[in-house]
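Visitor: I would like to learn how to read a protein model feature by feature, taking the general idea before the case at hand.

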Amino acid sequence: MLILDSDTTRALLPFENLVPALRAAFIRGCEVPQRHSHAIDADGTMLLMPSWRAGAYLGVKTVTIYPGNTAKGLPGLYSTYLLHDARTGKPLAMIDGNEITSRRTAAASAMAASYLSRKDASSMLVLGSGRVASLLPHAYRAVRPIGRVAVWDIHARQGEALVARLQADGFDARFVPTIAAACEDADIVTAATLSTAPLVHRAFLRPGTHLDLIGGFTPAMREADDGCFDAASVFVDTGEAVLKAGDLLHPIEAGVLDAADIRATLADLCQRRHPGRVDDAEITVFKAVGTALEDLAAAVMAYEGFKGSQGATPSAEAMSM
């Protein structure tokens, strides 16, 4: 069985190729059962995320989430990915799940922004400085002319460290101590945190802003207040978001948002069943909880990319992914 470590996996998943690969996967579709979520002691959560495309590949990702790890100097999330041949069940590869998760999450966020942000969007505010947050400017630069990046994090030292890395990568980056003021200068506001209290308030957002919420994945987690969903154009990655995301459940319960008013999913956007943003003054909101379809697409891209680099010829079934 092939083993792809983090460095190899990262090199095989450049955003300029991963974003189109995800778009193609949402157009094709695959089987995605609802994820399993299990509480581990008081602070931990384990997710099991399977998916498959008949006659091609099947895979499963395991994810452990421990928010308390931040205080220990450890990542809050670890994951592994096991890819199989869907025709026989044969294990094909163990792939670094952290790279799969972080890169597909950032790429899906950027793909959504390619439909929902203004075409001239060039500045963004990143909330958070973890693995996913650090990739967002790079992913967005694959779809929009991003030059200026503001970074906020509850831990200033970590936010400033991310700013230094972004500056080294050619971004005009700066650390901001407050979210409200930074929103005034941001075409795109993207949040990748484990917050359980709203960080972004509607009063912070100017007309034409695209708000991207990708950190929260449970009913208890929130990155935006109810007002952010009032009279805004709301989109989700999949229908599962309405069942699990606190950012949606709270405004729905408060009567600010009706689930029926959610405009579209990523599949709707990719398959052109919805046009996305319709005018430059519109405030768009994208809420994601992640889907195993994205993991499978990224895993297949990494596996086929590695096999191709070794001179192996992908099968017809594999290429159909």
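Predicted model: local features only at pLDDT ≥ 70, side-chain atom pairs only at ≥ 80, totals over all residues.

Visitor: How are strands and their pairing defined, and in what order do the strands of the six-stranded sheet come?

Guide: Helices (H or I, at least four residues) and strands (E, at least two) are DSSP runs numbered from the N terminus, and two strands pair if DSSP finds at least two bridges between them. Here an open sheet of six strands has the order 1-6-5-4-3-2, and its pairing is mixed. Its edge strands are strand 1 (2-4) and strand 2 (36-40), each of which pairs on one side only. Neighbouring strands of this sheet are turned by 15° against each other on average, direction ignored.

Visitor: How many bridges join strand 2 to strand 3, and which residue of strand 3 stands opposite His38?

Guide: Strand 2 and strand 3 (residues 44-53) run antiparallel and are joined by five bridges, and Met46 in strand 3 stands opposite His38. Met46 also has Thr64 as its bridge partner in strand 4, within an antiparallel pairing of strand 3 and strand 4 that extends over nine bridges. The hairpin of these two strands has three residues between them, and Gly55 there takes a positive phi near 80°. Strand 4 is joined in turn to strand 5 by nine bridges, again antiparallel, with Leu83 of strand 5 as the bridge partner of Gly59.

Visitor: What lies across this sheet, and at what angle to strand 5?

Guide: Contact means heavy atoms within 4.5 Å, and axes are lines fitted to C-alpha atoms, for helices over the stretch in contact, with angles that run from 0 to 180 degrees between N-to-C directions. Helix 3 (residues 97-116) lies across strand 3, strand 4 (57-65), strand 5 (77-85) and strand 6, running at about 100° to strand 5. The covered face of strand 4 consists of Tyr57, Gly59, Lys61, Val63 and Ile65, whereas Leu58, Val60, Thr62 and Thr64 make the uncovered one.

Visitor: Which strands stand at the edges of the seven-stranded sheet?

Guide: That open sheet has the order 9-8-7-10-11-13-12, with parallel pairing. Strand 9 (172-175) and strand 12 (233-236) stand at its edges, each with a single partner strand, so one side of each is left without a neighbour in the sheet. The twist averages 15° from one strand to the next. Strand 8 (residues 148-152) pairs with strand 9 in the parallel sense over four bridges, and Ala150 has Arg174 in strand 9 as its bridge partner. Helix 3 packs on this sheet, touching strand 10 (188-191), strand 11 (210-213), strand 12 and strand 13 (284-287), and its direction makes about 155° with that of strand 13. Helix 4 (residues 131-140) also packs on the sheet, touching strand 7 (123-127), strand 8, strand 10 and strand 11, at about 160° to the direction of strand 7.

Visitor: Is Leu22 buried or exposed?

Guide: Buried means under 20% relative accessible area, exposed over 50%, and partly exposed in between (1.4 Å probe, protein chains only). Leu22, in helix 2 (residues 15-28), has a relative accessible area of 0% and is therefore buried. Leaving aside its neighbours within four places in sequence, Leu22 is in contact with Arg104, Ala107, Ala108, Met111, Glu294 and Ala297. The C-alpha atoms of Leu22 and Leu296, 274 residues apart along the chain, are separated by 9.4 Å.

Definitions and conventions. Residues numbered from 1 in each chain as written. Heavy atoms only, no water.
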